[in-house]
Amino acid sequence: MKKHNFSAGPCILPQEVFQEASQAILDFNNSGLSILEISHRSPDFVAVMEEARSLALELLGLQNKGYKALFLQGGASTQFLMVAYNLINKKAAYLNTGTWSSKAIKEAKFFGDVIEVASSKDKNFNYIPKSYSLPEDADYFHCTSNNTIFGTQMKSFPATSRPLVCDMSSDIFSRELDFSKFDLIYAGAQKNMGPAGTTLVIVKEEILGKVSREIPSMMNYQTHIDKDSMFNTPAVYAVYVSMLTLRWIKSKGGLKAMEKLNHQKAELLYAEIDRNPLFKGFAEKEDRSPMNATFNLVNEAHKEVFDKMWKSAGVNGLNGHRSVGGYRASMYNALPLESVQVVVDLMKELEEKV
Ligand SMILES: *Cc1c(COP(=O)(O)O)cnc(C)c1O
């Protein structure tokens with residue numbers, strides 16, 4: 001049976017990527033060797049790493065603008081501390097829009113003072129705070145562009161003279177933005193870019209080297225820049241599959257095309273959430289995420305029936321995160337429009353049934 005995978009991450013990737021990635025396990029580049037058994041220093045893999053780094057910058061429009069792309073390990077969660085390790089002298093400003101922002105704040109506090117400029121915790125993070133001021137003496141401002149758990153997304157970013165740092169784990173490569181506004185972007189691969197195991201970091205080199213503390217080699221962005229993201233053994237396979245996904249994005253028309261399809265999917269689902277009297281959306285309308293749609297049943301008594309319906313229709317991963325409950329439909333780049341139509345039809349069917 002055809003599956004419709006709404007998993008929040010790790011998540012759906014393009015079928016073409018799965019095909020090519022599985023072939024590379026058996027025979028990579030007609031070398032007679034598996035990608036899993038070759039040296040990360042072999043020319044074949046060095047070429048993969050270089051292409052992945054360069055495609056990441058190209059798709060974001062950041063080539064030749066002083067940025068470096070790195071594929072590191074330890075997940076976005078390691079970036080929570082690595083950002084602060086490399087960038088805080090005294091204090092940093094953070095916008096708290098959910099679980100991931102809160103975790104980033106917690107880690108930054110190991111390295112300096114954290115000013116929480118605003119938080120949406122008062123309403124269980126169902127909105128993005130808009131009016132706040134940024135301290136001009138902060139070492140940087142950190143925000144989370146898309147809140148995977150609560151289903152909110154920042155549609156705009158504050159103007160600041162301070163370095164702008166953003167956790168884009170769950171919406172990187174999903175929409176067009178002026179990425180040159182950002183000084184450091186990081187994203188765990190497993191939400192919209194590839195398999196778990198590698199984390200993309202895009203950093204403007206000029207913001208580095210400004211802190212007085214000593215930084216251990218593995219925690220120092222400069223180490224990884226100097227070694228072309230090969231200071232130690234990278235996550236070879238995860239980087240390879242990410243590269244295939246970046247190629248796929250480019251071949252489909254880049255971020256413009258991704259944004260168009262993501263918009264269509266989100267419109268389709270949110271329209272049904274708003275129309276159908278059995279459901280209600282969780283996030284404030286203007287802050288809704290096209291990547292992760294969070295919604296609940298108005299009457300929990302329908303849960304058993306609805307859960308049975310979508311599970312038997314081949315839908316996977318629609319359960320909400322425990323901090324929101326209800327449902328979360330993650331509609332990353334590779335999810336086709338028809339999968340969203342399947343869920344919308346099921347919601348209509350439930351309405352007719354009860
Ligand atoms: C999933 C996620 C993280 C954590 O990523 P790991 O790679 O598991 O450390 C951080 N931030 C956001 C926005 C996420 O969606």
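In this predicted model, the charged end of Lys123 sits over the ring of Tyr127, at 5.6 Å from the centre of that ring.

**Aromatic pairs**

Pairs formed between aromatic rings are a further feature of the model, and the count comes to 15 aromatic pairs. One of them joins Phe279 and Phe306, whose ring centres are 5.2 Å apart and whose planes meet at 65°, so the pair is edge-to-face, given that planes over 60 degrees apart are classed in that way. Because Phe279 belongs to strand S11 (residues 279-281) and Phe306 to helix H8 (residues 303-312), this pair ties together parts that are 27 residues apart in sequence. Phe279 and Phe306 are both buried.

Phe306 also pairs with Tyr327, and since the centres of these two rings are 5.2 Å apart and their planes stand at 85°, this pair is edge-to-face as well. Here too distant parts of the chain are linked, with Phe306 in helix H8 and Tyr327 in strand S14 (residues 327-330), 21 residues apart. Phe306, with a relative accessibility of 0%, counts as buried, and Tyr327, with a relative accessibility of 1%, counts as buried too, because the cut-off for a buried residue is under 20% relative accessible area. Phe279, Phe306 and Tyr327 belong, together with Phe295 and Trp310, to one aromatic cluster.

| Ring pair | Centre distance | Plane angle | Class |
|---|---|---|---|
| Phe279 and Phe306 | 5.2 Å | 65° | edge-to-face |
| Phe306 and Tyr327 | 5.2 Å | 85° | edge-to-face |

**Annotated positions**

An unreviewed UniProt entry lists Ala76, Ser77, Trp100, Thr148, Asp167, Gln190, Asn232 and Thr233 under "binding site". These positions span 158 residues of sequence and are also spread in space, with up to 30.1 Å between C-alpha atoms.

Apart from neighbours within four places in sequence, Thr233 is in contact with His40 and Gln73.

Definitions and conventions. Residues are numbered from 1 along each chain as its sequence is written. This is a predicted model: local features need pLDDT of at least 70, side-chain atom pairs count only at pLDDT 80 or more; totals for chains, interfaces and linings use all residues. Side-chain values use heavy atoms; hydrogens and water are left out. Rings of Phe, Tyr and Trp (its six-membered ring) pair if their centres lie within 6.5 Å; planes under 30 degrees apart count as stacked, over 60 as edge-to-face and the rest as tilted. Helices (H or I, at least four residues) and strands (E, at least two) are DSSP runs, numbered from the N terminus. Buried means under 20% relative accessible area, exposed over 50%, partly exposed in between (1.4 Å probe, protein chains only). A charge sits over a ring if NZ of Lys or CZ of Arg is within 6 Å of the ring centre and within 35 degrees of the ring normal. UniProt positions are given in the numbering used here, feature names are shortened, and annotations may be inferred rather than shown by experiment. Contact means heavy atoms within 4.5 Å.
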